[in-house]
Amino acid sequence: MISKTAADTALDLLLAPRCAGCGAAGSWLCLSCRDLCEPVRHGRVTAAGTYGGALREAIHRFKYGGERALANELGTLVASCVANDLATGIAFDVVVPAVLHRERARARGYDQARLLAAVVAERTALPLRIPLRRIRAASPQVALDRAARAENLRGAYVAEAGALRGARVALVDDVATTGATLAAASGALRAAGARAVRSYVVALDA
Ligand SMILES: [Zn+2]
């Protein structure tokens, strides 16, 4: 019989998924905490829930805690919002992430929007496309009001010219606050020929 050392046990505990909401073992966001999420819609933005509780904790770990495995749980939540719309007859041709600025992604080691969009594409069987490029990292927006924030982000994205001619796009990001980032990304997608853009995020922080 092989007995585990204390170090092995500590390592197991460290690596074993635990729910960001309630701490239950087995997944990064357990089913009951996922069930507490109420999808919300604000204009052309749909969120799997409001930014709070388990969702807030999970997003925080996903973005700042290096727990990229949460992309699966959080992406699945976003995918169900897209699937709900597909079921009502809204059609999409592609899933597109609102990518991070390259330097930001490099610093973090991954691009959370890209990871989420990949899960959404997989779950909805829609093709994933990466036509957007963030050309300016946002300057700190905390102190800006809504209008100033939109102005700050104008021109923050470019999309491959003609890459999306006629496409109906499901745009994916992690959190929407004023929606300025998504508006800037949508504008770039439309300029590249997209026919329609709807946005989907994990949480709405309004
Ligand atoms: Zn939980």
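Student: Before counting elements, what counts as a helix or a strand here?

Tutor: Both are DSSP runs, numbered from the N terminus. A strand is a run of E with at least two residues, and a helix is a run of H or I with at least four residues.

Student: How many helices and strands does the protein have?

Tutor: The model is predicted. Its 206 residues include 41% that are buried. By the DSSP runs, the protein has 8 helices and 7 strands.

Student: Of the contacts with a separation of 6 or more, what share comes from residues 24 or more positions apart?

Tutor: The count takes contacts in the protein with a separation of 6 or more. Residues 24 or more positions apart account for a share of 72%.

Student: In what order do the strands of the open sheet lie?

Tutor: The sheet has 5 strands and mixed pairing. S1 and S2 run antiparallel and are joined by 3 bridges, whereas S2 and S7 pair in the parallel sense over 5 bridges. S6 and S7 are parallel with 8 bridges, and S3 pairs with S6 in the parallel sense over 4 bridges. The order is S1-S2-S7-S6-S3.

Student: Which strands stand at the edges of this sheet?

Tutor: An edge strand has a single partner strand, so one side of it is left without a neighbour in the sheet. The strands in that position are S1 (40-42) and S3.

Student: By what angle are neighbouring strands of this sheet turned against each other on average?

Tutor: The angle is taken with direction ignored, as an average over neighbouring strands of the sheet. The value is 25°.

Student: Which residue in S7 is the bridge partner of Ala47?

Tutor: Strand S2 covers residues 45-50 and pairs with S7. The bridge partner of Ala47 is Val201.

Student: How many of the 9 residues of strand S7 are buried?

Tutor: S7 spans residues 196-204. The strand is largely enclosed by the rest of the structure, because the number of its residues that are buried is 8.

Student: Which residues of S3 point the other way from Val94 and Val96?

Tutor: In a regular strand the side chains alternate between the two faces of the sheet. Strand S3 comprises residues 94-97, and all of them are buried. Val96 stands opposite Leu171 in S6. Val94 and Val96 point one way, and the residues pointing the other way are Val95 and Pro97.

Student: At what angle does H8 run to S6?

Tutor: H8 lies across S2, S3, S6 and S7. Its angle to S6 is about 160°.

Student: How do the residues of the contact of H7 with H8 divide?

Tutor: H7 passes H8 in a right-handed crossing. Arg149, Ala150 and Leu153 of H7 meet Ala180, Thr181, Ala183 and Ala184 of H8. The contact residues divide into 5 nonpolar, 1 polar and 1 charged.

Student: Which residues of H4 make the contact with H3?

Tutor: The axes of H3 (residues 53-64) and H4 (residues 70-87) come within 10 Å and cross at roughly 130°. That makes H3 oblique to H4, and the crossing of H3 past H4 is left-handed. On the H3 side the contact has Ala58, Ile59, Arg61 and Phe62; on the H4 side it has Leu70, Ala71, Glu73 and Leu74.

Student: Is Gly75 buried or exposed?

Tutor: Gly75 is found in helix H4. Beyond its neighbours within four places in sequence, Gly75 is in contact with Leu115, Leu116, Val119 and Val120. There are 25 other C-beta atoms within 10 Å, and 20 or more is the cut-off. Gly75 is therefore buried.

Student: How far apart in space are Gly75 and Ala117, C-alpha to C-alpha?

Tutor: In sequence, Gly75 and Ala117 are 42 residues apart. In space, C-alpha to C-alpha, the distance is 7.0 Å.

Student: What is the phi of Ala125 near?

Tutor: Ala125 is in the loop between helix H6 (112-124) and strand S4 (132-134). With 8 other C-beta atoms within 10 Å, Ala125 is exposed. Most residues other than glycine have a negative phi. The phi of Ala125 is positive, near 60°.

Notes. Residues are numbered from 1 along each chain as its sequence is written. This is a predicted model: local features need pLDDT of at least 70, side-chain atom pairs count only at pLDDT 80 or more; totals for chains, interfaces and linings use all residues. A residue is buried if 20 or more other C-beta atoms lie within 10 Å of its own, exposed if 12 or fewer, and partly exposed in between; C-beta atoms are placed from the backbone. Two strands pair if DSSP finds at least two bridges between them. A crossing is left-handed if the near helix is turned anticlockwise from the far one by less than a right angle, and right-handed if clockwise. Two residues are in contact if their C-beta atoms, placed from the backbone, lie within 7 Å. Ala, Val, Leu, Ile, Met, Phe, Trp, Tyr, Cys and Pro count as nonpolar, Asp, Glu, Lys and Arg as charged, and the others, Gly among them, as polar. Axes are lines fitted to C-alpha atoms, for helices over the stretch in contact, and angles run from 0 to 180 degrees between N-to-C directions. Angles under 35 degrees count as roughly parallel, over 145 as roughly antiparallel, 65 to 115 as roughly perpendicular and the rest as oblique.
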